[in-house]
Each structure stands twice: as C-alpha cells, then as structure tokens.
Amino acid sequence: AIKHLRRGLTGAPLVGEAYLYWDEVAFVENAVDSDAYRTQRQQRLKQALAARPRSPVVLLRAGRDAILDGELKQALAYWNLAMKIDSAFEDNVLDLTTTTLPAAEFIKAFQPNWSVSKKLLLRYHPVKQRADYQQALQYLADVSIAQAKKSTITETADYLVTAASCYEQLGRSDLSRRCYDAALKRDPGNLTLHRDYGKWLYGKKDFAEATEHLSWFAMRNPDDLEINEMLEVAAKERLRN
C-alpha cells in the first residue's frame, strides 16, 4: 500500500489528502512510538499542508496532530479555518472540541456564527453542564440579536424568537418579552410569531395580552384546536379575575 501511495504521490504530489492516507498505514514501516515515526508523521503533515493548505480534511488532521504535540492553540486555529472554509465540517470540529473544551473557551477561540452557536448549545447538558449550557445560551442570544439588526424582516423575527427562547431559559423573561415585542414591531403580520408569542404569554398567565395574539392567529386558523382551547381557558381566567 505504501509503495502505491509513493508512486501515486510521485505522479500527483499536490494531492494533499494522499499524505494523510500514507500516514494511516505508515505504522508498518516504523513503530508508532518511535522517533522515526514521529518525524515522518510531521513531514507528511507538512507536505499535506503545503499541497492543500485550505483542505478541511487536511486541516482537521493537522489539528489532531497538533493536539498530540501539545499545541492546543495551533489545533484550534486549524479547526477554526476548516470550519470557515466549509460549513459541512462544523459538526466534525464540534465533535473534536466540545467533549473537553468548556463553552467559554470554545466561544473565545472560534467566535462562532449563528449556525454553529445553535449547534454548540446542543453539545452541553442543561443540568450536568449547567455553566457551559448557560454560557452557550447567552452567546446564542447575543449572536441572534446581532443578526437580527442586519437581516430581512422575516429573518429578523426568527433571530429574535431564538433570542427570546434563550433569555427565557436564562430566567430573563423581561428580555424575552422585549424580543417578542421587537419582532412583532418589525414583522406585525407574521402568523407564527403571533401564535408563539401568544402561547408564551399564556404560559406566563398574562391572559389578556395572550388573548390578543392568539385571537389574531385563530381568526386566520380557525381549526387549530390547541389555540382554541387556550382561548377558552384564557377567557375563563379573565372572567375569574
């Protein structure tokens, strides 16, 4: 196998991934714990990076090798570049980092965009990793607000609802309400937004305002049983109070 790889690289030296495949079978030439193996591994990686400096596959391997050499900062730089070049590798980078890297350190190293921030939140357990989860929540809320300020009307509502959800989990219902209000001000005809805000207000037992939004939704979707039931309960609660 190694002979075939060497022959192939002689004919196509710029196929950077081939150096990685070579590395996977190089143990037949030298023991993996030998100085010769380590030296050759570094040389193969150097050749792969020289041939394909913007290949996410090469960059992922370069990061893993940097970890083996105790170079965490360099590893994160390789993985950050891989993720920026091709978003298809976001999950690979998250797999490599979030099992050991606290959320705050991941955020500092990668400054992730909205898409990665949503994925990051799913990597931490809300109870067992509460501090990390809350850090990821706060960052996602911040990124969502920032995105909302530079997006189209419909996109703005989506970003603000995401922020509202984050703030609710962080115990900041006041900021959740502010996000919903801002979203409706921006996109007052958004049907889903009226429904979601109405349900949120209903959960807060703000039946008067909940009725306003749920009724608006129900007029356009009269067969929605869940919303109709909520409106009935809200009406009874308003009469009781």
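This is a predicted model: local features need pLDDT of at least 70, side-chain atom pairs count only at pLDDT 80 or more; totals for chains, interfaces and linings use all residues.

## Exercise 1: Placing Tyr180

Residues are numbered from 1 along each chain as its sequence is written, and side-chain values use heavy atoms, with hydrogens and water left out.

**Task.** Work out whether Tyr180 is buried or exposed, and list what Tyr180 touches beyond four places away in sequence.

**Solution.** 
- Step 1: Buried means under 20% relative accessible area, exposed over 50%, and partly exposed in between, using a 1.4 Å probe and protein chains only. Helices are DSSP runs of H or I with at least four residues, strands are runs of E with at least two, and both are numbered from the N terminus.
- Step 2: apply the cut-off. Tyr180 has a relative accessible area of 8%, so Tyr180 is buried.
- Step 3: look for partners, where contact means heavy atoms within 4.5 Å. Not counting residues up to four places away in sequence, Tyr180 touches Val161, Ala164, Leu193, Asp196, Tyr197 and Trp200.
- Step 4: pick out Leu193. Leu193 and Tyr180 are 13 residues apart along the chain, and their C-alpha atoms are separated by 8.0 Å.

## Exercise 2: The whole chain

**Solution.** 
- Step 1: check the burial. Of the 241 residues in the chain, 41% are buried.
- Step 2: see how far contacts reach. Take contacts between residues at least 6 apart in sequence: 47% of them join residues at least 24 apart.
- Step 3: zoom in on Leu49. Apart from neighbours within four places in sequence, Leu49 contacts Val58, Leu59, Ala62 and Tyr78.

## Exercise 3: H8 and its partners

**Task.** Describe how H8 packs against H9 and against H6.

**Solution.** 
- Step 1: know the geometry. Axes are lines fitted to C-alpha atoms, for helices over the stretch in contact, and angles run from 0 to 180 degrees between N-to-C directions. Under 35 degrees counts as roughly parallel, over 145 as roughly antiparallel, 65 to 115 as roughly perpendicular, and the rest as oblique.
- Step 2: take H8 (residues 114–122) with H9 (residues 130–148). They pack at an angle of about 160°, with axes 9 Å apart. H8 and H9 are therefore roughly antiparallel to each other.
- Step 3: name the contact residues. H8 brings Trp114, Ser117, Lys118, Leu120 and Leu121, while H9 brings Tyr133, Ala136, Leu137, Tyr139, Leu140, Val143, Ser144 and Gln147.
- Step 4: turn to H6 (residues 90–97). H6 and H8 pack at about 40°, with their axes 11 Å apart. That angle makes H6 oblique to H8.
- Step 5: finish this pair. Glu90, Asp91 and Leu94 in H6 meet Ser115, Val116, Lys119 and Leu120 in H8.

## Exercise 4: Two loops

**Task.** Compare Pro112 and Gln111: is each one buried or exposed? Then find where Lys205 lies.

**Solution.** 
- Step 1: apply the cut-offs. Pro112, at 4% relative accessibility, counts as buried, whereas Gln111, at 53%, counts as exposed.
- Step 2: list the partners. Beyond four places in sequence, Pro112 contacts Phe106, Ile107, Ser117, Tyr139 and Val143.
- Step 3: check the backbone. Most residues other than glycine have a negative phi. Phi of Gln111 is positive, near 45°, and phi of Lys205 is positive, near 65°.
- Step 4: Lys205 is in the loop between helix H12 (191–203) and helix H13 (207–220), and counts as exposed at 63% relative accessibility.
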